[in-house]
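Colleague: Hi! Could you walk me through this one? I'm still learning how to read these pictures.
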Amino acid sequence: MIFTKTKLEGVYIITPRIFTDTRGYFFESYSQKEFKDNGLSYNFVQDNQSFSKYGTIRGLHFQKGDFAQAKLVRVIQGEVLDVAVDLRKESPTYGQHVAVHLSDENQQQLLIPRGFAHGFSVLSDTAIFAYKCDNLYNKASEGGLNPLDKNLNIDWKIPLSQANILDRDLSHPNLEELESCF
């Protein structure tokens, strides 16, 4: 695995070593040893998967307090634009984001530590999205950030006229209204 730092401390793009032959391909999608060899220690306790159609924007979500989560995200089928927003109040990159193209072709993953909002937009007809979490989900600890907050300036790579966003996600506060919990 190749671990590439992003402009946001703790956020990594992870590129697997893919072995191909006449049968197809094989790669390790996670290796605790590889993570430790790169100075990263996570104890993933929950795997999640979603199916979405083109134009879907999911997010920007996070878990607060004792239920904050780090995530290791990837695409099993299709392609998405994956976004992480730094919500760590003391961070020099507070309010900044990274956007990474993840697909079943590049097989890249994004590691997002605790203290970030996360979301993605579906760029293909459909996408199957999977992620590991280092903490269990807790409904009472849900938090969110409006994915269309103009100050975040996120280009979701889809026309907003074709965006499928839940009203619940649009009702989340903008960054300037958010009481930081990290």
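Predicted model: local features only at pLDDT ≥ 70, side-chain atom pairs only at ≥ 80, totals over all residues.

Colleague: Great. What order do the strands of the open sheet of 5 strands have?
Modeller: The order is 9-8-11-6-13, and the pairing is antiparallel.

Colleague: And which strands are the edge strands?
Modeller: Those are strand 9, residues 97-103, and strand 13, residues 142-144. Each of them pairs on one side only.

Colleague: What does the twist average from one strand to the next?
Modeller: The average is 30°.

Colleague: Let me zoom in a bit. Over how many bridges do strand 8 and strand 9 pair?
Modeller: They pair over 7 bridges, in the antiparallel sense, and strand 8 covers residues 79-86.

Colleague: Which residue in strand 9 stands opposite Ala-84?
Modeller: That's Val-98.

Colleague: Nice. New topic: where is Phe-35 found?
Modeller: Phe-35 sits in helix 1, which spans residues 32-37.

Colleague: Is Phe-35 buried or exposed, and why?
Modeller: Phe-35 is buried, because its relative accessible area is 1%, and buried means under 20%.

Colleague: Which residues does it touch?
Modeller: Leaving out residues up to four places away in sequence, Phe-35 touches Met-1, Phe-3, Ile-14, Tyr-30, Leu-40, Tyr-42, Phe-44, Leu-72 and Leu-111.

Colleague: I see some aromatic names in there. How many aromatic pairs does the structure hold?
Modeller: There are 10 aromatic pairs. Take Tyr-42 and Phe-44: their ring centres are 5.6 Å apart and their planes are at 10°, so this pair is stacked.

Colleague: Are Tyr-42 and Phe-44 buried or exposed?
Modeller: Tyr-42 is buried, with a relative accessible area of 14%. Phe-44 is buried as well, at 16%.

Colleague: One last thing: what separates the C-alpha atoms of Phe-35 and Ser-171?
Modeller: A distance of 36 Å separates those two C-alpha atoms, and the residues are 136 residues apart along the chain.

Methods: Residues numbered from 1 in each chain as written. Heavy atoms only, no water. Pairing = 2+ DSSP bridges. Helix = DSSP H or I, 4+ residues; strand = E, 2+ residues; numbered from the N terminus. Axes fitted to C-alpha atoms, helices over the stretch in contact; angles between N-to-C directions. Buried < 20%, exposed > 50% of the residue type's maximum accessible area, 1.4 Å probe, protein only. Contact = heavy atoms within 4.5 Å. Phe/Tyr/Trp six-rings, centres within 6.5 Å; stacked < 30°, edge-to-face > 60°.
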